[in-house]
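User: I am new to this structure and would like to learn how to read its features. Please begin with the general idea each time and then turn to the case at hand.

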Amino acid sequence: MTLRIHNLSKSYDHIPVFQNVSLELEEGGVYCLMAPSGAGKTTLLRILMGLEAPDAGRVEGLDGRPISAVFQEDRLCLHLNAAGNIRLVDPVCSDAELRQELLALLPADSLSKPVSSFSGGMRRRVSLLRAMQSQGEILLFDEPFNGLDEQIRQDAVHYVQRRRNNRTLLFTTHHMEEARALKASLFVWDGEALSWHKDS
């Protein structure tokens, strides 16, 4: 089902964040929002997640469909290990399968440790693993590769490519190489119009 965003607008304290945003995301596509900080990328994702309401406009194609999210903050249960965090969204995965998934992005000696002991980059990887293991039909990722060094970033991008399973992905980034690696269609910021347009 195509996801359609029609004339979406949002302001805070009467200051516009974006106005009349209209985007169309075809089922199974990969899309990237490119914009400077403060342009409303996170706000748009939060509206799509149902965490905020727009001032005007509407969204079609989301009703009743599960969403997998990566937020800018990791939102992990720090007392649990990586597997425990992923079990929260995927309780039926076998231990062997889950270990294989974890080892795609995490070192083996980290698996028994609580994520409170992890570095910021390792926590980011757990957040990404959790989102990919979730059964969401639509993936909404806010700077999912932020804080990762170059080799780990490449590994994480390839992991998303392997595990996306033709699910629609919309993500934000400041790095063009991430959009290119994921072969994403770009929506780029039009600052004067406080909106986005599709890059041709």
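Analyst: Let us start with strand pairing: two strands pair if DSSP finds at least two bridges between them. Helices (H or I, at least four residues) and strands (E, at least two) are themselves DSSP runs, numbered from the N terminus. Here, in strand β7, Leu-169 is the bridge partner of Val-30. Strands β3 (residues 30-34) and β7 (residues 168-173) pair in the parallel sense over 5 bridges. β3 also pairs with strand β8 (residues 185-190), in the parallel sense over 4 bridges, and Tyr-31 has Ser-185 as its bridge partner in β8.

This is a predicted model, in which local features need pLDDT of at least 70, side-chain atom pairs count only at pLDDT 80 or more, and totals for chains, interfaces and linings use all residues. Residues are numbered from 1 along each chain as its sequence is written, and side-chain values use heavy atoms, with hydrogens and water left out.

User: Is strand β3 buried or exposed?

Analyst: Buried means under 20% relative accessible area, exposed means over 50%, and partly exposed lies in between (1.4 Å probe, protein chains only). In β3, 5 of the 5 residues are buried, so the strand is largely enclosed by the rest of the structure. Both of its faces are covered, with Val-30, Cys-32 and Met-34 buried on one side and Tyr-31 and Leu-33 on the other. Helix α1 (residues 41-48) has 6 of its 8 residues buried, so α1 is also largely enclosed by the rest of the structure. The buried residues of α1 include Lys-41 and Thr-43. After α1 comes Gly-50, whose phi is positive, near 85°.

User: Which residues other than glycine have a positive phi?

Analyst: Most residues other than glycine have a negative phi. One case is His-14, with phi near 70°, in the loop between β1 (3-12) and β2 (15-25). His-14 is exposed, with a relative accessible area of 81%. Another is Arg-75, with phi near 55°, in the loop between β5 (67-70) and α2 (82-87). Arg-75 is partly exposed, at 41% relative accessible area.

User: How do helices α4 and α5 lie relative to each other?

Analyst: Axes are lines fitted to C-alpha atoms, for helices over the stretch in contact, and angles run from 0 to 180 degrees between N-to-C directions. Angles under 35 degrees count as roughly parallel, over 145 as roughly antiparallel, 65 to 115 as roughly perpendicular and the rest as oblique. The axes of α4 (residues 120-133) and α5 (residues 150-163) come within 11 Å and cross at roughly 5°. The two helices are therefore roughly parallel to each other.

User: Which residues of α4 meet α5?

Analyst: Contact means heavy atoms within 4.5 Å. Arg-125, Leu-128, Leu-129, Met-132 and Gln-133 in α4 meet Ile-152, Ala-156, Tyr-159, Val-160 and Arg-163 in α5.
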